[in-house]
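Me: I should like to learn how to read a helix and a core in a protein model. May we work through one together?

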Amino acid sequence: MSHKQPTLYIVVPCYNEEAVLAETAKQLSAKLQELVQKKQIHSDSKIMFVNDGSKDQTWSKICDLHKKNSDIVGISLSRNRGHQNALLAGLMTAKTRADSVISMDADLQDDINVIDQMLEKYQDDAEIVYGVRSSRQKDSWFKRTTAEGFYKFMKLMGVDVIFNHADYRLTSRKVLDELEKYQEVNLFLRGIFPLIGFKTEVVYYERKERFAGESKYPLTKMLSFAWDGISSFSVRPLRIIAILGVIMTFISAIILLYSLIVNILGNTVQGWTFTVCSIWLVGGLQTLFIGIIGEYIGKIYNETKARPRYCVSEDLQKQESDAK
């Protein structure tokens, strides 16, 4: 790397995170100072909180933290745009000010002590360093099964994702410059980064319990997130529909031939149950298939409008710079 002491920005998306902000800022600031003292990063390094249109006091707390601690900066989106767009806003803002950027959640579940290992691998020319959970033993059986099933199903659907990796990663400015070229509205960053390429490394860590507050990803939101990832990166569901269509057509032809033969032989049977069940089965499958195709058409519709993915209403660091 050209910078022996790279400027590092830690980007932290926040939505209604007032309960954890003070502790998150305290721990991250201590880690930042530790890394500066070890000369692993430049003293210009910052922690950037991204307020994703929070309804609580998250943004006012970020502003207060910024006034008290020069390590902390923040941007605020004009309204809630979702975790992926908030993260993208932070990454795109930070990339012009840093050599490398680490993204992580505000809930302190990601182990900040592996940042040292991320930086070491970055110094060894890795452009992307993924933070990967070493195990899910602390999760409930249901959460562990559904989470691991999510990654396996994504792979099955042809989406290239890193197993047990969320959005805890280090990326270089070079990678973020390439990320900026990806203009899709339907964002699934876990799928985009493997597409970008470059040299990648992995660090493993044990995920902790949430420090405070509630999870922003209940089951329904996770299912929606999974579907967004699949439909944004794979057309395999459409191919499955086509294959099932061929199979059903073949079965229908056999049933038609059977019915004609029975009718010719004069052994016509009422078959009310079979007929009703067949109608409901075919009708249900058709509705499902139309729904899946509709989802893809909806995504195309959103992409063609090419609306901005986010709007930054306030940038504390820029405001401070302009004031000077």
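Predicted model: local features only at pLDDT ≥ 70, side-chain atom pairs only at ≥ 80, totals over all residues.

Me: What should helix α3 span, at 1.5 Å a residue?

Reply: The 12 residues of α3, residues 83-94, should span 16 Å, and the C-alpha atoms at its ends are 16 Å apart, which agrees.

Me: Which side chain forms a polar contact with that of Q84?

Reply: The partner is D167, at 3.2 Å. D167 is found in strand β6, and is buried because its relative accessible area is 6%, where buried means under 20%. Leaving out residues up to four places away in sequence, D167 touches H83, Q84, L87, S103, M104, L189 and R190.

Me: How should I read a nonpolar core?

Reply: In soluble globular proteins, nonpolar side chains tend to be buried together. Here the largest nonpolar core has 34 residues, of which L8, I10, V12, F49, I102, I115 and Y168 touch the most other members. Elements giving two or more residues to this core include β1 (8-14), β2 (46-51) and β6 (165-172); α1 gives the most, with five residues.

Me: What does I102 contact, beyond its neighbours within four places in sequence?

Reply: I102 is in contact with L8, Y9, I10, V11, I115, M118, Y168, R169 and L170.

Terms used. Residues numbered from 1 in each chain as written. Heavy atoms only, no water. Core = buried A, V, L, I, M, F, W, Y, C linked by side-chain atoms within 4.5 Å. Buried < 20%, exposed > 50% of the residue type's maximum accessible area, 1.4 Å probe, protein only. Helix = DSSP H or I, 4+ residues; strand = E, 2+ residues; numbered from the N terminus. Contact = heavy atoms within 4.5 Å. Expected span 1.5 Å × (residues − 1). Polar contact = N/O pair within 3.5 Å; in protein donor to acceptor, adjacent residues only side chain to side chain.
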